[in-house]
Amino acid sequence: MPVHSPVELAELDVTHPELSPALGYSDNLRELRERYRRFIEEVCRPREDPAWIHDIPAQDALFAELRPIAREWGLYGPMIPVSLGGLGLNLRDGAAVLEELGRSPLGPGAVHAAAPDETNIAMLDKLATPAQRERYLTPLAEGRARSCYAMTEPSPGAGSDPSMLRTTARRDAGGWIIDGHKWFISGAVGAHFAIVMARTDEGPTMFLVDADNPGFELVRDIACVGASLSSHCEIRLNACRIPDDAVLGEVGQGFAHAQLRLEPARITHCMRYIGLARRATEVAQSYVAQRNSFGTPLGENALVQSLIADNHIDLHAARLTTWHVAAQVDLGMSVKHESAMAKVFVSEAVNRAVDRALQVCGAFGISYESQLGMLYQNVRAFRIIDGASEVHRVAIAKRALRRQVSP
Ligand SMILES: Cc1cc2nc3c(=O)[nH]c(=O)nc-3n(C[C@H](O)[C@H](O)[C@H](O)COP(=O)(O)OP(=O)(O)OC[C@H]3O[C@@H](n4cnc5c(N)ncnc54)[C@H](O)[C@@H]3O)c2cc1C
């Protein structure tokens, strides 16, 4: 059916006064954001195809085609440090950019800003030794390698409760031997290495494990609802022998180090998912402007207007809480409490927004032709990944009651 192109709708607000340098944003952020928007519209969207959701080799080939284009446009690696060939944006500027990228399922991967590589690069940049930087970080940042992060385990291992970690690493002549079972490990198909969390006598520890290690077994890719363009895999570590210098960070400090990854990861996920929900809202606005019911355009019906308005309210609030946490992280502040609240609010707000967008588009919304079917599937996992809403709520309430934190 004829609908306004989302390009036209997106063009309505490209001046972005809310990102003025007077408010502390970088001088070129508005121009940069506009360039990312054009990249999504002109390069990524024409290549979108739901058939790729579970076709990892096709995705890898597509990203290999798109990343040189991203480099030509000066858009490669927005969150990758400048020393590693990226743009080195801070999280506050990154929020505007990752939202634009989130408008296409291909956007983050096309510029090398997708999970889990994006946050693994940031963590390796903080923790890796010079030899680990050369072997793992440089190829990862340059897009010559892919990575995954392996924490979650099937029952009775670690899920919501990390203290249930069962994977073990024991010292052996000149190295370690890891035994364990992991699942839902994103990006494992095609990954060159995994960052594996395992229990040692000194406490939880992170290890760099090459995917071609004979003890690293990729059991299967677990088909999930939507869940973005990635594999989510079951992995076994079978007497997996690794050298001493495969320890990432300090032995026994794995959970503390993981916080370096978790808090920014939650927030960059929020940014990309806000972009996804914005895209859904654009499709809905376009539809209700065109479609008539009982003699009037849907967009003039107060009940439909209420749903559209609620999307804008949810997305505005989601942006503000995300930007606030991003600014705090940039200032080096501890954001455990705030990032948990932001993650719960944003993950639920974007689910509400995509659901409303789909509803006002009727059958067209359910279809993959509107893209809403794909966006609806992709957004659901966000209420579980990076900690389920219920787990965060319990932690938020406990902190609030312990410290008498005021709302
Ligand atoms: C698409 C996707 C990608 C993922 N990628 C990765 C990855 O790359 N690496 C990785 O290590 N993990 C990954 N995960 C796993 C993710 O981190 C876990 O799913 C999450 O931590 C929850 O653990 P669980 O699934 O074992 O849920 P469980 O611990 O089994 O909990 C199930 C449900 O019970 C409820 N619940 C649990 N504990 C509490 C509590 N204390 N209070 C109230 N309610 C509670 C919640 O509703 C929760 O959803 C991914 C998951 C998904 C869905």
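In helix H12 of this predicted model, the buried residues are Leu 372, Gly 373, Met 374, Leu 375, Asn 378 and Val 379. An α-helix has 3.6 residues a turn, so residues three or four places apart point the same way. The cover over the buried residues of H12 includes H8, H10 and helix H11 (362–366).

In soluble globular proteins, nonpolar side chains tend to be buried together. Here the largest nonpolar core has 62 residues, and Phe 39, Leu 101, Val 111, Val 350 and Cys 361 are those with the most contacts inside it. At least two residues of this core come from each of helix H2 (29–44), helix H3 (56–72), helix H4 (91–102), helix H8 (254–290), helix H9 (302–330), helix H10 (336–360) and helix H12 (372–380). H8 gives the largest share, with 12 residues. Because domain 1 (6–118) and domain 3 (256–403) both give residues to this core, the core lies between them.

Leaving aside residues up to four places away in sequence, Phe 39 touches Cys 44, Leu 66, Ile 69, Ala 70, Trp 73, Leu 75, Ala 110 and Val 111.

In an unreviewed entry, UniProt lists residues 252–400 as "domain: Acyl-CoA dehydrogenase/oxidase C-terminal".

Gly 254 is a residue to look at in helix H8. Is Gly 254 buried or exposed? Its relative accessible area is 0%, so Gly 254 is buried. Not counting residues up to four places away in sequence, Gly 254 touches Met 197, Pro 204, Thr 205 and Met 206. Gly 254 and Thr 200 are 54 residues apart in sequence, while their C-alpha atoms are 9.9 Å apart in space.

Charged side chains come next. The whole structure has 27 salt bridges. One of them joins the side chains of Glu 48 and Arg 279, at 2.8 Å from N to O. Glu 48 lies in the loop between H2 and H3, and Arg 279 lies in helix H8, so this pair ties together parts that are 231 residues apart in sequence. Glu 48 and Arg 279 are both buried.

Another salt bridge links Glu 153 and Lys 182, whose closest N and O atoms are 3.1 Å apart. Glu 153 is in the loop between strand S1 (147–150) and strand S2 (168–172), and Lys 182 is in strand S3 (residues 175–186), so the pair ties together parts that are 29 residues apart in sequence. Both Glu 153 and Lys 182 are buried.

Some salt bridges share partners, and these join Arg 33, Glu 41, Arg 45, Glu 99, Glu 100, Arg 103, Arg 278, Glu 282 and Arg 319 into one network. Within it, Arg 103 forms a salt bridge with Glu 100, with the closest N and O atoms 4.0 Å apart. Arg 103 and Glu 100 are both buried.

Terms used: Residues numbered from 1 in each chain as written. Predicted model: local features only at pLDDT ≥ 70, side-chain atom pairs only at ≥ 80, totals over all residues. Heavy atoms only, no water. Core = buried A, V, L, I, M, F, W, Y, C linked by side-chain atoms within 4.5 Å. Buried < 20%, exposed > 50% of the residue type's maximum accessible area, 1.4 Å probe, protein only. Helix = DSSP H or I, 4+ residues; strand = E, 2+ residues; numbered from the N terminus. Domains from an automatic or database assignment. Contact = heavy atoms within 4.5 Å. UniProt positions renumbered as here; feature names shortened; annotations may be inferred.
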